[in-house]
Amino acid sequence: MARALELAQRGLYTTTPNPRVGCVLVRDGAIVGEGWHERAGAPHAEAGALQAAGAGAHGATAYVSLEPCHHHGRTPPCDQALIDAGVKRVVVALTDPDPRTAGKGLARLQHAGIEIATGVLEDEASELNVGFVARVTRGRPWVRMKIAASLDGKTALNNGASRWITGEAARRDGHHWRARACAVLTGHGTVRDDDPQLTVRDVETPRQPLRVVVDSRLETPLHARVLAGGGALIVCAIEDKSKIAQLRDRSVDVVVLPNAAGKVELFALMEELGRRELNEVHVEGGHRLNGSLINEGCVDELLVYFAPCLIGDRARGMAELPELSDLASRRALKITDTRAVGDDLRILARITKN
């Protein structure tokens, strides 16, 4: 199963909106076939492993990091393919949360007389597909917020200058997280201050994530680098037909999602991204957007790079949140990983209370 997960990892940047899945076929103590899912529409991991094994699949044990699919989609169901190949045992890490399969694949295999085992390295398989699981179970993507800050928690000077707080190694590492995401999300303020591209440049990847700009009043200029080449999405709160038409003429999608305060309804935005089959969203915004996303319960995980420097109290913080009157109201985090990246410190922390 560890090998199946290693194979699944190869699809980290490519499988969206599908899960990352690997499969290993073993007979008489030897691997006879391996496969992994590369991209939507391509053969699933089981199909690749069965093709590699050929007749060797008969009587083999299949180790699959996700329950074999039960439904017809772009490709035929994998549960039936395993049955037809004469596999005698199937070991699964994670039961598929997709209601189209969700135990049905295992049931079909058992009905065919195939021995089943589940839950082997389940946590690792779930972690690899954290976005897919989030989307199919709750209708919203997994939202990871990336923050680059000084050791005193400042992300920019008061005038908006922020390049570069962290070092080159941390910035390169950040591109790996961009590459695995389905979308990179920022706000109009970041576009105004930094004019970012929000593309993956330091990692070899066959696709670019969708670039999403939260811009309540449609103030993003048409020449902004984030809009270059089309394929971007602007989410606003006003129905300005002229500006929307100009953006769409440049192949920029526009969605209007106002809340009662005349800002973008962020939770509805996450639901919209879920409907678009986006599994993971990578946020690179300023302190105001960060605070709003956290305050409205849209963020699952923080990816924070701390640089070994101090900027001072008058600089901008990590997230603009309401003032608390007591520490019992603080937002709880669970740190899941801490490591050095170049000269900087990278912390992964999950929000445990929204």
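Is Cys 309 buried, exposed or partly exposed? With a relative accessibility of 28%, Cys 309 counts as partly exposed, a class lying between buried (under 20% relative accessible area) and exposed (over 50%), computed with a 1.4 Å probe on protein chains only. Cys 236, by contrast, is buried, at a relative accessible area of 0%. The model is predicted, so local features need pLDDT of at least 70 and side-chain atom pairs count only at pLDDT 80 or more, whereas totals for chains, interfaces and linings use all residues. Residues are numbered from 1 along each chain as its sequence is written, and side-chain values use heavy atoms, without hydrogens and water.

With a disulfide taken as a pair of cysteine sulfur atoms within 2.5 Å, the count is zero. Cys 236 takes part in none, its nearest cysteine sulfur, that of Cys 298, being 17 Å away.

We turn now to the sheet. Five strands form an open sheet with mixed pairing in the order E2-E1-E3-E4-E5; strands are DSSP runs of E with at least two residues, helices runs of H or I with at least four, both numbered from the N terminus, and two strands pair if DSSP finds at least two bridges between them. Strand E2 (30–36) and strand E5 (115–118) are the edges, each pairing on one side only. From one strand to the next, the twist averages 15 degrees. Four bridges join E1 (residues 22–27) to E3 (residues 61–66) in the antiparallel sense, and Val 26 stands opposite Thr 61 in E3.

Helix H2 (residues 45–53) lies across E1, E2 and E3, at about 140 degrees to E2; such angles run from 0 to 180 degrees between N-to-C directions, with axes fitted to C-alpha atoms, for helices over the stretch in contact, where contact means heavy atoms within 4.5 Å.
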